Structures are given as C-alpha cells and as structure tokens.
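Work through the exercises below with the sequence and the 3D view at hand. Each task is followed by a solution in steps.

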Amino acid sequence: MRDNQDKDLMKKVISLCKRLGFVYQSGEIHGGLQSAWDYGPLGSELKRNITELWWHEMVRSRGDVVGVDTAIITHTDVWKSSGHLKNFHDPMVDCKKCKARFREDHVETEICPNCGGELTEPRSFGLMFKTFMGPLEDDGSVVYLRPETCQPIFAQFQNIVNSTRKSLPFGVAQTGKAFRNEITVRNFIFRSREFEQMEMEYFCHPNEMEKWYQYWIERRFNWYINVLGIDKDNLRLRPHDEKELAHYASGCTDIEYKFPFAGGDGYGELEGIASRTDYDLTAQMEGSGKDLKILDKESGKKITPYVIETSGGLGRTFLMILLDAYREEEIDGKERVVLGLDKKLAPVKAAILPLSKKLLKEAQAVEEMLRPHWPVLFDVTGSIGKRYRRNDEIGTPYCITFDFDSLEDKMVTIRDRDSLEQIRVKIEDLVGIMSKLMTVGWERQN
Ligand code: GAP
C-alpha cells in the first residue's frame, strides 16, 4: 500500500505536473485563473488514455451500451425540467470582516473559521454558469453550460431509442466537460469549476433495479483496480446513508480514494453509482410533454424505465493515478523519482536513446519504425543515466538504447522502468517484441 500520509506528496505531484507538462494553471502568465486548468503535452495524452480505457470498458466492449456526445450549451428547459434551475444552489455565508465565503453546511459555528468575524445570513448561490445565445443579452437568450453530462442523455432518450432500436436493459454513455460555479475550489484539479465527467445511464425494468445497481457497483470498483492498476488498499466503497440521498434516489454508493489531502477519515469521492429510479425521464417528460416511455417486451406494456447511473470525474481519476504512481527510490546510492504508471496509461510508451550524437541517423530509423504504432520519444541530450531518470519520472515503461555495437549487430537494448532489467533484441524484431511487452508486460514476455 502506498504511503498516502506523506504530507508533501500533493506538493511534489503538483510541481511535477507543471515542470514536466502534465497540468498548468490556466492563464498563468496573466496571474492565473483560479480553478481552471490546462493539460500540457503529457497530461493531454494521459487524459486521453483514461477516457479511451473508460470508453472501451463502458461502450465498445459491450453490446448493451451506446455512446453520445451532446452539446455543452443546453436548452434552458432541460434544466428547468430536471430541477437544476430551481434546486442547484448552495446556501452560503460570508464573513463581514475578511470577506471569505463558505458553504453554510461547512461551518459549524456562527463565526468565521478564518478570522472569527461575524457571518452573514445564508444566501443562495447558483451553481450553473449562465450565458447568452446570439447577439442580444436579454432573458430570451439565456442558456446554461451543462453542470453534468448526464441530463442531455435523458432529454435525447426518445431519439436514441428510435435510432438504435435498443430494448431494456441498455445504457447510454457520454464523456465531456461540465461546469459548476463552485463556491470553494481546492486541492488542485480535485474540485474545479470546469471539469470533465465520464457518465453512463443504464435503463432497466423497475424490477431489475437492485440487480443492476449491485452489478454496476462491483463492475466500476473493479475497473479502477484491474484496468487502471490502482492500489486496492487505497480504494473503498461508501454507501450513502438515508439522510445523504437525493430525494429521488433509492440508493447511492461512492467509490472513494485515500487522497493525501482529504479531511475526515481521509477519503475523497471519485465516482458515484446511483439508483435514480424514473425521476429524470419523468421530469423531462413532464417538462416537454413528450412521451419517453418504452415498450417492455415481457408485459407488452409501455413503461418508464428506471435508471442506474455511474458518474465519475476525469480530473479526479487523473490526480489519483499520479498520486498512486509516484515513487521515490534509491538506486546505487542515487535517488530516482518514478511514475509507476500502468503501461496502458503511460503518455509515452518507449524512449529511443542514441548513446552518442554520432548515432542520430540510425537511431532515428528505429524511432520511425515504432512511431506508427505507439507514442514514442526521441531523447538525445544529457548522459544516458539522466535520460533514464527523465523517462522514469514521466512514467515511460521502456527505454531503447542504440549504441555503437548496434551498428554492427543490428540490435538494441530495452530497459524495463520497474525491474531495471535489460534485454538485447534484434531491431527487425522490435515491433513484435514491443507489442508483446505492451500486452503481456515485462515478466511474461521472456
Ligand atoms: N450526474 C450526477 C453527478 O453529476 P456528482 O456527484 O455531482 O454527480 C459526479 O458528480 C462526479 O463528477 C464526482 O464523483 C466527481 O468525480 C466529479 N465532479 C463533480 N464536481 C466536480 C468538480 N467541481 N470538480 C471536479 N470534479 C467534479
């Protein structure tokens, strides 16, 4: 189990993110925009890898789930119908002295936790980002940026059923941006105002709701361990108690990770699996006047399906992956920092390292051989030891060294990031060997 009690772990990971190009603060040269983040060259690759693994697991590998990609700017009536316009508010209190703002349920006394000043009465603070469609800024042109990716799925339910001819049970998945004007943002990308979600709504017969609820809890929990390679001891399932449940939900279980900054018992939410009954479809039906019922083949009657939702955050998964992978080790008396990323997640799969600048041309031919298959990196500056360390730090699983002997024997050396073992292989076999390494891994390819 990784030591998440290291209080400096967050600082180290945040600094690594900026230095190596995983995450930068948005608008940094202008003083920075709080809680909006730009993903750099390595971060955008890692983010894409996570999304693709999720999409494969939830959509492509299944016959019962389809995907959609809906607009961020959404018809106001979608949010009126869902209840967001009325209910998506947090009651807030402000400190009259230091002007800090807090969620009412986050302060235990009537004085400011920062300075002891007097707090205002609670006031409602809307979480939706409002904008105007078209040239006029009047009430008729108000639209909202979606605060979650799932609601447009309910609003498009009829179209999706008509065009796919799906029958119960089936799911609809979507990944993408969501926006919430959160009162407090903290802990780097953990809570921000612009973020990405990975959500799936699974429509089923009301009688089967419990079965699918349990199925998706187990399935989603195992994804973090078996696909992303996260340390199981740092993950847990936390069922909500009655008081926490939204009024329409009959059950909700969070998947949580032991983040180093999380307060309380040290766990923070990654994903929620919720049994949402027929609340959302009924709400969109009432708001639109359209029939969103579907034929139940068994009874021959039209019913409003129940929904099990799996709703995860991409930024939080990204942060957990980096925290879980970060290691400091001592090798031959020298410290190395390693991102022990699963090879499926690693932004760069192999680095090609010519031992000398005199070998550039021949080593580049090796790079060109691999590049159509994997994202690879060509690194020629600094000692070979330094180049190994740089690649360990960004999580590159394999380093391929081209030396002077390579000119004669047409072979290169592959070094494994984790075991530090090396093997010498023929250049003509390299694509096949890398394929094997990328699928079965180092231990099993020999
Ligand atoms: N459709 C249900 C829904 O949106 P949620 O619990 O509000 O549920 C789901 O959000 C997930 O989205 C959370 O578990 C979290 O991973 C992510 N998320 C929510 N708000 C976020 C924020 N402000 N910043 C980053 N991620 C957030």
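Two strands pair if DSSP finds at least two bridges between them. Helices (H or I, at least four residues) and strands (E, at least two) are DSSP runs, numbered from the N terminus. This is a predicted model, in which local features need pLDDT of at least 70 and side-chain atom pairs count only at pLDDT 80 or more, while totals for chains, interfaces and linings use all residues. Residues are numbered from 1 along each chain as its sequence is written, and side-chain values use heavy atoms, with hydrogens and water left out.

**Exercise 1. Describe the sheet that contains strand 8 and strand 9.**

Step 1. Take the pair itself: strand 8 and strand 9 (residues 142-145) are antiparallel and share three bridges.

**Exercise 2. Describe the hairpin of strand 18 and strand 19.**

Step 1. Strand 18 (residues 326-331) pairs with strand 19 (residues 334-339) in the antiparallel sense, over six bridges.

Step 2. Tyrosine 326 has leucine 339 of strand 19 as its bridge partner.

Step 3. Two residues lie between the strands, and aspartate 332 in this hairpin has a positive phi near 50 degrees.

**Exercise 3. Which aromatic pair does tryptophan 37 form, and where do its two residues lie?**

Step 1. Set the rule. Rings of Phe, Tyr and Trp (its six-membered ring) pair if their centres lie within 6.5 Å; planes under 30 degrees apart count as stacked, over 60 as edge-to-face and the rest as tilted. The structure holds 18 aromatic pairs.

Step 2. Apply the rule: tryptophan 37 and phenylalanine 188 are edge-to-face, at 4.9 Å centre to centre with 75 degrees between the planes.

Step 3. Locate the residues. Tryptophan 37 is in strand 2 (residues 37-39), and phenylalanine 188 is in the loop between strand 10 (170-179) and strand 11 (194-204); the pair links distant parts of the chain, 151 residues apart.

Step 4. Check the exposure, where buried means under 20% relative accessible area, exposed over 50%, and partly exposed in between (1.4 Å probe, protein chains only). Tryptophan 37 is partly exposed at 23%, whereas phenylalanine 188 is buried at 10%.

Step 5. Compare another pair. Phenylalanine 259 and phenylalanine 261 have ring centres 5.1 Å apart and planes at 25 degrees, so this pair is stacked. Phenylalanine 259 is buried, with 2% relative accessibility.

**Exercise 4. Which residues are closest to the ligand, and which polar atoms lie by the ligand?**

Step 1. Count the shell, taking a residue as near if one of its heavy atoms lies within 4 Å. The ligand is surrounded by 19 residues, and Arg180, Glu182, Ser192, Glu199 and Glu269 are the closest.

Step 2. List polar contacts, each a pair of N or O atoms within 3.5 Å; within protein, one must be able to donate a hydrogen and the other to accept it, and residues adjacent in sequence count only if both atoms are side-chain atoms. Arginine 180 places a polar side-chain atom 2.8 Å from an oxygen atom of the ligand. Glutamate 309 has a polar side-chain atom 3.1 Å from a ligand nitrogen atom.

Step 3. Find the cover. On its own the ligand has 560 Å² of accessible area, and the protein covers 87% of it; such areas come from the Shrake-Rupley method with a 1.4 Å probe, and for residues only the protein chains shown count as cover.

Step 4. Trace the shell to strands: strand 11, strand 14 (268-277) and strand 17 (306-313) each supply at least two residues.

**Exercise 5. Examine the backbone at proline 169, asparagine 187 and lysine 410.**

Step 1. Most residues other than glycine have a negative phi, and most peptide bonds are trans.

Step 2. Leucine 168 and proline 169 are joined by a cis peptide bond, with omega about -5 degrees. Proline 169 is in the loop between helix 6 (157-164) and strand 10.

Step 3. Asparagine 187 has a positive phi near 60 degrees and is partly exposed at 25% relative accessibility.

Step 4. Lysine 410 has a positive phi near 55 degrees. Lysine 410 belongs to the loop between helix 12 (404-409) and strand 23 (411-416) and is exposed, at 52%.
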